[in-house]
Amino acid sequence: MATLDDVRDLALALPGSEERATTGGAAWFVRRKLYAWEVHPWPSIPDDIRAVVAAELVVGVKLAERIEALALVEMAPDVFLRTTTRWGEPKVAFRMARIDLAHLGELVTEAWRVQAPKYLRREFDER
């Protein structure tokens with residue numbers, strides 16, 4: 001089972017990444033742009049999703065395209081939540097207890113890549 005510490009370790013290994021405490025919990029930024037966050041059961045979340053978020057650890061990440069979120073939810077609806085807000089930007093949330101570490105690493109890294117400037121992506125790719 002993946003933990004928030006796993007997210008933290010993955011995120012902080014990425015160039016320019018920093019963790020901040022927000023009103024919703026832990027969140028990770030690259031150059032002041034949010035790319036991963038701990039999801040909390042805010043009133044704006046649809047009721048069925050809010051019940052899941054209130055009961056277990058859920059993390060959200062940015063995606064490059066909305067179609068990616070739809071594909072992930074369709075591929076593994078027991079892991080990925082269809083949405084956590086009514087906002088339309090590309091993102092997906094997932095249940096930490098149901099995601100494997102390899103997939104978690106891919107999601108965090110790709111979310112970072114969506115928000116990171118070119119020079120940091122190049123630095124990461126050259127490692």
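Helices (H or I, at least four residues) and strands (E, at least two) are DSSP runs, numbered from the N terminus. This is a predicted model, where local features need pLDDT of at least 70 and side-chain atom pairs count only at pLDDT 80 or more, while totals for chains, interfaces and linings use all residues. Residues are numbered from 1 along each chain as its sequence is written, and side-chain values use heavy atoms, with hydrogens and water left out.

Q: What makes up the fold of the protein chain, and in which order from the N terminus?
A: There are five helices and six strands, and the order is α-β-β-β-α-β-α-β-β-α-α.

Q: Why is Lys62 called buried?
A: Buried means under 20% relative accessible area (exposed is over 50%, partly exposed in between; 1.4 Å probe, protein chains only). Lys62 has 16%, so it is buried.

Q: Where is Lys62, and what does it touch?
A: Lys62 is in strand E4, residues 58-62. Contact means heavy atoms within 4.5 Å; leaving out residues up to four places away in sequence, the residues Lys62 touches include Leu34, Tyr35, Trp37, Glu89 and Gln115.

Q: How do you know that the radius of gyration of the protein chain agrees with a compact globule?
A: The radius is taken over C-alpha atoms, and the globule rule is 2.2 Å times the number of residues to the power 0.38. With 127 residues that gives a value near 14 Å, and the protein chain has 14 Å, so the two agree.

Q: How much of the protein chain is buried?
A: Buried residues make up 45% of the 127 residues.
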